[in-house]
Amino acid sequence: MRFSPRATTACRRFLPLAVIVLIFILTSAPTASASAYNAHPKLVVVIIIDQFRGDYLERYRDQFGEGGFRLLLDHGANFTDCNYDYANTRTAPGHATLFSAAYSSGHGIVANEWWDSKKKKMVTSVEDDNTKLVGIADDKAGASPHNLLADTLGDELKLATQGKSRVFSVSLKDRAAILPGGFAADAAFWIDPKSGAWITSTYYRPNLPKWAQDFNAANRATKYWDRDWKNANGDLLRSTAHRKGKDGSDAGFYDVVGSTPFANEYELEFAKELVIYENLGAGQATDLLAISLSPNDILGHQVGPDSPEMSAMALALDRELADFFNFLGHQVGLANTWIALSADHGVSALPDAAKKLRIPAANLDAGKLETQINSALTAKFSPAIALRLPVRLLPGQPSPEVLIELTEAVNFYLRDPMVETPVEFFHSVLASMCGAGDGSLWLILEEDPALFLHRGVDDGFKLPGGFTSPSSDLSSTKFVETWFRRLLEQKAECVTCPWQQICQGYFKWPDPAYDCGGVKRLFSAIKAAADEMGLELARRDRADPSAELAKVGPGASP
Ligand code: SF4
Ligand SMILES: [Zn+2]
């Protein structure tokens, strides 16, 4: 088994969250590692424990029994200087790295999920619209390794043996089963999170193999519900009683059983059936089985690495591995089996645990951080976009001056009944300016002068119907025409106003002496935003002609 030097040599930067430990059971003398590499094992089993830090092996070593981790620690080769040379370790990239010996720049799996700019939505690292799930009636897309850019250990094994080797992978999580399996795997199996039933996808096969169907049909997941998980002292750690999830629906197998050692047992039970019924280790060439054990990660995210539950989990897994290795010994023979153990990533101490030791730590409010980042990005790259929906008057608008003016304007108009709905007002004006629509405010806001609440000369507000018309014709168009002409004749401020085209005396009604300074500043700010927005929309149009965004504004082209 060869790993790229990139993944196995000492790293310049030691990242405590990403310690990898690889342990081989040598088929000959423990010190003669060369002979181990020359051997031809019948079966290679790579066990990945999701979120299992390298130091756990030493932390719990004294408490491990015989035959589990100790089998590997005492009789294997322990590579303690293996690290992921990147900080943001995650499940999907970690599994892809372990089995391809490349980093994300090489294997293409940069995260568990990412933004797909073509689909304009988040996608997971393995979801694949061209496949369907197998083993469950579900309309959701299936999954495959289609995003992988590098081949894997299993792929190379298949190539080297002209397909004679069989390659399988198992995990509770789809990504942790699919990425280790690579392209050429005979099958990758993972569970339906709700029921715990084992499933795969049409990428691999049209139906579950008979033995897997029988496994599901026997409801083997059922026995792990409604059980108490206790530590060695008999203290209750948690129960797998049925309960409601955060959204009020029944929590599924993945969430309830998945965070206990019962789920590791469940995974290893399935792996045993796979070894037996697929006759792994009994073929013409070396077979490969990858098992990614997810429960440590599911629990670790809930309680952190230093909780009593995590230590109980490690000790329970020790016994479960001992049982599994014992099974492999009987089924295949340990002398014919290579076992490698590693992890896709580690985990840091909880902030509260670190703080107790006076180590600087802080809880991160991800939602707040996202808002701050979005505001900063918006201010830098497309400030006007934030004004497209004017209710989003967030910190980080185009410039402090515009922000102050808009805030003043909003405050003023929120308290002024002349503008019934300020948000709509700003939106309409912005859309009009951006879309090159040059209708007057009267038209944009569809105000009928005969029904328009207005400011009287005494600075009080008059209700509709109580004013004297400057014209006998009260139709909107005639009224505006007449009113604005009269303002110009009176040499009102409107004569030199740069906004007269769009305003047409709107704010002077019915008091020609009204000071429009604030209104003009507001218009300037909105126009600046509209210009920026126009540029941004044009840029998007060029990048993606089908962009729906171009439809903003009454005068915009379709
Ligand atoms: S903003 Fe004021 S000065 Fe300018 S056109 Fe409108 S009412 Fe006249
Ligand atoms: Zn993980």
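**Close-up views of the predicted model**

**View 1. D226 is exposed, at 52% relative accessibility.** Exposed here means over 50% relative accessible area, buried under 20%, and partly exposed in between (1.4 Å probe, protein chains only). The model is predicted, so local features need pLDDT of at least 70 and side-chain atom pairs pLDDT 80 or more, while totals for chains, interfaces and linings use all residues. Residues are numbered from 1 along each chain as its sequence is written, chains are lettered from A and ligands numbered from 1 in the order in which they are written, and side-chain values use heavy atoms, without hydrogens and water. D226 belongs to the loop that joins helix 9 (210-217) to strand 11 (228-230). Helices (H or I, at least four residues) and strands (E, at least two) are DSSP runs, numbered from the N terminus. Although D226 is not a glycine, its phi is positive, at about 55°. Most residues other than glycine have a negative phi.

**View 2. R358 is a residue other than glycine with a positive phi, near 65°.** The loop that holds R358 runs between helix 14 (351-356) and helix 15 (366-381). R358 counts as exposed because its relative accessibility is 77%.

**View 3. Four protein residues donate to the zinc ion (ligand 2): D50 (OD), T91 (OG1), D344 (OD) and H345 (NE2).** These donors lie 1.9 to 2.2 Å from the zinc ion; a donor is an N, O or S atom within 2.8 Å of the metal (3.2 Å for Na, K and Ca), and sites may look incomplete as water is not among the atoms. Along the chain, the donors of the zinc ion follow the spacing D-x40-T-x252-D-H. Distant parts of the chain are linked by the pair D50 and T91, which are 41 residues apart. D50 sits in the loop between strand 2 (43-49) and helix 3 (56-59), whereas T91 belongs to helix 5 (residues 91-100). Both D50 and T91 are buried. The ideal angle for four tetrahedral donors at a metal is 109.5 degrees.

**View 4. The largest pocket has a volume of about 1600 Å³.** On a 1 Å grid over the protein atoms alone, a pocket is an open set of points with protein on both sides within 12 Å along at least five of seven lines, a cavity is a set where a 1.4 Å probe fits but cannot get out, and lining residues have an atom within 4 Å of a point. Grid points are joined across faces, edges and corners, and a volume is the space filled by probe spheres set on the points. The lining of the largest pocket is made up of 47 residues, and those nearest its centre are N112, K173, R175, D297 and H301. At least two lining residues come from each of strand 6 (127-134), strand 7 (141-143), helix 8 (174-181), strand 9 (187-191) and helix 12 (295-303). Helix 12 contributes the most, with five residues. The lining divides into 20 nonpolar, 14 polar and 13 charged residues; Ala, Val, Leu, Ile, Met, Phe, Trp, Tyr, Cys and Pro count as nonpolar, Asp, Glu, Lys and Arg as charged, and the others, Gly among them, as polar.

**View 5. The largest cavity has a volume of about 100 Å³.** The structure holds six cavities of 30 Å³ or more. Fifteen residues line the largest cavity, with C494, C497, C503, G505 and C516 nearest its centre. Two elements give two or more residues to this lining: helix 20 (500-503) and helix 21 (517-543). Helix 21 gives the most, with three residues. By class, the lining of the largest cavity has nine nonpolar, three polar and three charged residues. C494 counts as buried because its relative accessible area is 8%, and C503 is likewise buried, at 10%. The structure holds zero disulfides, a disulfide being a pair of cysteine sulfur atoms within 2.5 Å.

**View 6. F189 and S171, 18 residues apart along the chain, have C-alpha atoms separated by 6.5 Å.** F189 lies in strand 9 and is buried, at 0% relative accessibility.

**View 7. P305 and A353 are 48 residues apart in sequence and 9.7 Å apart in space, C-alpha to C-alpha.** P305 occupies the loop between helix 12 and helix 13 (308-331). With a relative accessible area of 1%, P305 is buried.
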